[in-house]
Structures are given as C-alpha cells and as structure tokens.
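Colleague: Please show me the model. I have some questions about its residues.

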Amino acid sequence: MQGIVIRNTGAHYVVATDEEQPREINCKIKGNFRIKGIRTTNPVAVGDRVTVGEPAPDGTAFITAIEPRRNYIIRRASNLSKESHIIAANIDRAVLVVTLAHPTTSTTFIDRFLATATAYNVPALLVINKIDLLTDEGDSELLDAVMYLYKSIGYDVLALSAKTGEGLDDLRAMLAGKLTLFSGNSGVGKTTLINDLIPGLDLRTAEISSAHDTGMHTTTFSELFRLPGEGGGAIIDTPGVRGFGTIDFDKYEVAHYFPDLFAVSKDCRFGNCTHTHEPGCAVLAALEEGRIAQSRYASYLSILEDADEGKYRKPF
C-alpha cells in the first residue's frame with residue numbers, strides 16, 4: 001500500500017494513502033530503519049513517498065520502504081551535532097518567509113536557506129511579509145534594496161502583507177499545482193499566511209514577544225495541507241527556526257551555491273580557490289569593487305565555518 005507522509009510528530013508519522021478512498025494511517029518505523037548514506041534525526045520526512053504494511057488491529061502500521069527522493073531540504077540538527085534534520089522531501093519549491101521589521105530576518109539566515117535550497121536542487125522563492133509595517137521612507141528604501149539584491153542574483157522575490165492581503169493572489173498563482181515547503185523564523189507571519197491561503201484551516205498563531213521582538217513557536221511539527229481550488233497543490237508547514245545550520249558542504253564547493261559568487265569565480269587564478277585569501281581571486285576583487293554584496297560574502301564565510309570539521313566536534 002503506497003502513500004505520502006503528511007505529518008511528522010516525532011513519535012509517529014501520518015500517511016495519506018493512494019487508494020480511491022484515501023485513508024490517513026498512523027505509522028511507525030522500526031528502530032533500524034535508516035536511509036543509506038544520510039545521518040539524520042528523522043529518516044522519514046513529510047513529502048516522502050512510502051510503502052505501508054497492513055494496519056494492526058489498533059489501526060497503526062509500519063512504514064516498510066521509502067521511494068527514492070527527487071530532492072529534499074536539510075539542515076543541521078538543533079543540537080549542533082554532526083547529524084542533520086530533513087525538513088521536507090519531494091518538493092517543487094521552497095518558500096522562505098521573511099520580515100524586514102518586527103522581527104527582522106537576518107540576511108545570513110536568508111542566504112543560508114537559499115544556498116541549501118540550491119545545493120539540494122530545490123527552486124526557492126523569497127517572500128517578504130508584513131510590508132504594511134514598512135511605513136517610513138527608510139523602510140521603503142530597505143525593501144527596494146533587498147528585493148533588488150536577490151532579484152539581481154536570480155531569485156524569485158515577492159513582497160506581500162498577510163494582514164492586508166496585498167500580494168496574496170500573486171502567491172496563490174505561484175503555488176497552484178505544486179508541493180511547496182514554507183519555512184522561516186518564528187514570528188514572520190508564516191502561519192497567518194497559510195491560514196489566508198487555506199480558509200478554515202485556523203492554525204494557531206502567537207503574538208510577537210514585546211521584550212525581544214521575536215516570534216514564539218506555534219507549529220511544533222511538519223505537516224502537509226492541501227490547497228483549495230481547481231489548481232490543486234499543497235503546502236508543507238514547518239516549525240519556525242531561529243538559525244539555519246548547514247551540513248556536509250565541501251568548502252571548495254560552497255561558492256557553487258551562491259550564484260553571484262559562482263558567476264565571478266570562473267576568473268579566479270586557482271581552480272580550488274576558497275575566495276578568502278588567495279592571490280588572483282576574482283571574488284575578492286569583485287567584493288572590493290562592490291560587484292558582490294558584503295552581506296552575501298559574510299554569509300558565504302559563515303557557511304565555510306560550518307564546513308570546518310572541528311567546529312561541531314564534541315569535546316572529549
């Protein structure tokens with residue numbers, strides 16, 4: 001019996017079957033169930049296509065096999081170990097919801113997410129939410145600058161307001177017929193946005209912390225929700241995260257996941273240039289000339305630090 005994993009609570013998985021009359025079955029995995037070659041905290045992820053055995057009398061079943069994934073999004077596990085956590089699998093697009101105020105999403109977080117999406121062959125869309133809060137002239141200039149930066153690199157960028165509805169129709173059109181991952185820091189309005197896209201869903205939201213201007217976690221596990229309308233499609237909602245730790249990036253390949261750096265790097269003197277100190281580095285020259293944003297280069301360096309094998313090594 002085949003189906004798709006639509007919910008992961010950590011303790012069990014819910015699989016929607018492919019039957020003519022679909023069922024949702026609570027599933028477990030055996031303790032030795034692991035995907036070869038991937039060390040993860042969750043061997044099964046929302047979006048996985050799986051085979052399920054016959055349910056037991058209590059209605060639960062075991063996942064017996066996972067179909068090969070066409071892609072997935074992965075991040076370093078929150079305990080900063082060498083293990084990783086698969087956020088979702090088999091997705092058509094990853095949407096990163098960010099805000100430029102209340103709270104402010106760091107460009108490092110944005111760049112780490114986008115680089116990871118590129119590395120795992122997932123097209124990314126940057127959604128800038130809460131533009132209704134950008135009322136000052138300086139705010140408008142910041143919005144224009146951020147949109148210009150990422151559009152000039154080649155990313156899709158959409159500015160909207162979940163509160164006023166501005167830009168929502170454009171987002172709906174981009175989601176139709178696709179399986180889309182939604183991710184972002186806590187407090188950026190991701191859950192409100194999903195509630196707007198799927199009327200009647202009524203996912204729980206929380207107020208922004210006035211003390212720290214940060215969001216409070218409301219989504220506690222990943223879950224797939226079907227989009228209404230003839231266009232079809234679905235959204236995978238994920239828990240809000242504060243940081244995005246990368247994993248298993250070769251330091252000589254990190255620049256490949258930064259399109260702006262990669263485009264320039266072909267002119268470097270050395271083929272194995274790390275773009276940090278080498279003579280004849282075209283990336284450093286472009287940085288000095290202002291052809292590469294300082295924020296992007298800083299994000300690149302932060303991922304190089306993640307690639308340092310000793311950074312996450314547990315002390316003896």
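Some questions and answers on backbone, cysteines and charge follow.

Modeller: This is a predicted model, where local features need pLDDT of at least 70, side-chain atom pairs count only at pLDDT 80 or more, and totals for chains, interfaces and linings use all residues. Residues are numbered from 1 along each chain as its sequence is written, and side-chain values use heavy atoms, with hydrogens and water left out.

Colleague: What is omega for the cis peptide bond that joins His-102 and Pro-103?

Modeller: Most peptide bonds are trans. Pro-103 sits in the loop between strand S8 (93–99) and helix H1 (107–119); helices (H or I, at least four residues) and strands (E, at least two) are DSSP runs, numbered from the N terminus. For the cis bond from His-102 to Pro-103, omega is about -5 degrees.

Colleague: Is Lys-130 buried or exposed?

Modeller: Lys-130 lies in the loop between strand S9 (124–129) and H2. Buried means under 20% relative accessible area, exposed over 50%, partly exposed in between (1.4 Å probe, protein chains only). Lys-130 has a relative accessible area of 16%, so Lys-130 is buried.

Colleague: How many disulfides does the structure hold?

Modeller: A disulfide is a pair of cysteine sulfur atoms within 2.5 Å. The structure's count of disulfides is zero.

Colleague: Which cysteine sulfur is nearest to that of Cys-268?

Modeller: Cys-268 is buried, at 11% relative accessibility. Cys-268 is in no disulfide. At 4.1 Å away, the nearest cysteine sulfur is that of Cys-281.

Colleague: What is the relative accessibility of Glu-141?

Modeller: Glu-141 is in helix H2 (residues 137–153). Glu-141 counts as partly exposed, because its relative accessibility is 49%.
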